[in-house]
Amino acid sequence: MSGPGFLLSSWPWRSAGYLLTGAVTGGAALVLIAATAAAGAVLTVVLVGIPLLVLAALAGIPVAWVERHRMRLIDADPAVDPHRAPLAHGLWAWLTTRMREQATWRELGHALLFAVLLWPVDALVVAVALLCPLSMVTTPLLMATVGGGQEAKVLKQWTVTTWPVAFGIAVLGVVLLMLGAYALGVVAGARAGLTRLLIAPREAELGTSVVELTRSRLRLVDAFEAERRRIERDLHDGAQQRLVGLTMTLGLARLDAPLGPVADQLARAQEEADEVLAELRELIRGIHPKVLSDHGLPAAVADAADRSAIPVDVDLALSGRLPQAVEAAAYFVVREALTNAARHSGASRAEVSGGHRDGRLFLQVRDNGRGGADARAGTGLTGLADRVSALDGRISLSSPPGGPTLLRVEIPCVRTDRSA
């Protein structure tokens, strides 16, 4: 409003629209709330009025919904909906959730204040700051048309009989209209601020929403890990065992077959079955290695180090077991880091170290490669970083040109009593 272009911008008209729609909405809210509450009070004796009283208590919710949308006229950052989603489906779950929320009762208080006091203020400000100056501006037009060039009524209070006075009142109306534009902006801003104060979520409610979001995110991670373990078990106990049986059958058939083309075909079939079995075992390790489920993170990292294309030193000071989701995330981060070190960095050696202290798992993967690694360049760490972030952890990568590359992982967790 302090800028020179305020009067020529859309803000005065948006402020007027906000206050004008507030007057209309408040009047409608007054009629609906009063009618619902009165009908509910009268019909309570026959129990029919109880649902109407419940509707009256919930009247603040639709009023607040309309207010949040109206605030977009003058506020680029309108208030967010403070209500939580019900834990179950159905009308009863929705009703019990809303009745227990503080936001519902704050919105009811706002609706009552809006219906009784605020909308008359909106209507009065629009009338004084906009309609009265506009009426004064049109004085010459009214004198020329309705008054037949002889006289005109100013605000239905004073009679103007000369043209100089009529044009003087019109000029005064323009000045008052300019001042009224600022008044509309001030009142609309104050009204929006009061509305935000009454219907916006409190910090405690936001904290509850954040906690629930974190819990739901952890539940999704746990469900994802459980599904990976199920697939790993199905492949290990099903397809892999059948391939092992097929390989043994082909080997026995090869021994029984006489030398010649048939024996050669059986030998090639057995070799292909062995290759498919090896690929399946590698796929199972990629989904969820059995050593991780059976023996924990240190054993799984040691196994990944043994299978690495470069020598890897492992120094993990871990005792006991960690939550399954934490172990899985940490293992796959280490494995991805070792794969990148072997394929892209030109490293000749790598080191994995870490431990658990102060309620957090700390891991470091270091290699002596050429450096210059970038997690955003498609190294596979981006998805793993999201996975660690879902556990409220973090990943940091230091890889200056010339090396060395150092990957740090930190995940909050507590030890569990699962046996190795």
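The questions and answers below go through a predicted model and ask how each label follows from its value.

Q: What is the confidence of this predicted model, and where in the protein is it lowest and highest?
A: The protein averages a pLDDT of 80, and 83% of the residues score at least 70. Confidence is lowest in helix α8 (residues 203-256), with a mean of 63, and highest in α5, with a mean of 91. Where pLDDT is low, the predicted coordinates should not be read in detail.

Q: Why is the contact between Arg 191 and Glu 67 called a salt bridge?
A: The label requires a side-chain nitrogen of Lys or Arg within 4 Å of a carboxyl oxygen of Asp or Glu. For Arg 191 and Glu 67 the distance from N to O is 3.9 Å, so the pair meets the cut-off and is a salt bridge. This pair links distant parts of the chain, with Arg 191 in helix α7 (residues 163-199) and Glu 67 in helix α3 (residues 60-70), 124 residues apart.

Q: Why are Arg 191 and Glu 67 called buried?
A: A residue is buried when its relative accessible area is under 20%. Arg 191 has a relative accessible area of 4%, and therefore counts as buried. Glu 67 has 0% relative accessibility, so Glu 67 is buried by this cut-off as well.

Q: Which residues are linked with Arg 191 in a network of salt bridges?
A: The network joins Arg 191 with Glu 67, Arg 70 and Asp 122. A search of the whole structure finds 10 salt bridges.

Q: What makes Arg 68 and Glu 107 a salt bridge, and are the two residues buried or exposed?
A: The closest N and O atoms of Arg 68 and Glu 107 are 3.4 Å apart, and because the cut-off is 4 Å, the pair counts as a salt bridge. Arg 68 lies in helix α3 and Glu 107 in helix α5 (residues 102-137), 39 residues apart. With 7% relative accessibility, Arg 68 is buried, and Glu 107, at 0%, is buried too.

Q: Why is Cys 132 called partly exposed while Cys 413 is called buried?
A: Cys 132 has a relative accessible area of 29%, so it falls between them. Cys 413 has a relative accessible area of 7%, which means that it is buried. A search of the whole structure finds zero disulfides.

Q: What makes up the nonpolar surface patch, and which helix supplies the largest share?
A: Leu 30, Leu 113, Val 116, Leu 117, Val 121, Leu 194 and Leu 197 make a nonpolar surface patch of about 560 Å². The largest share, four residues, comes from α5. Leu 197 lies in helix α7, and because its relative accessible area of 55% is over 50%, Leu 197 is called exposed.

Q: Which residues have the most contacts inside the largest nonpolar core, and which element gives the most to this core?
A: The largest nonpolar core has 36 residues, and those with the most contacts inside it are Leu 297, Val 352 and Leu 361. Among the elements that each supply at least two residues are α11 (297-307), β4 (350-357) and β5 (360-367). The most comes from α12, with 12 residues. In soluble globular proteins, nonpolar side chains tend to be buried together.

Q: Why is the phi of Asp 358 pointed out, and why is this residue called exposed?
A: Most residues other than glycine have a negative phi. Asp 358 has a positive phi of about 55° although it is not a glycine. This residue is placed in the loop between β4 and β5, and since its relative accessibility of 73% is over 50%, Asp 358 counts as exposed.

Definitions and conventions:
Residues numbered from 1 in each chain as written. Heavy atoms only, no water. Disulfide = S-S within 2.5 Å. Buried < 20%, exposed > 50% of the residue type's maximum accessible area, 1.4 Å probe, protein only. pLDDT = per-residue confidence, 0-100. Patch = residues over 30% accessible without salt bridge, like charges linked within 9 Å, V, L, I, M, F, W, Y side chains within 5 Å. Areas by Shrake-Rupley, 256 points an atom, 1.4 Å probe, with all protein chains shown as cover. Core = buried A, V, L, I, M, F, W, Y, C linked by side-chain atoms within 4.5 Å.
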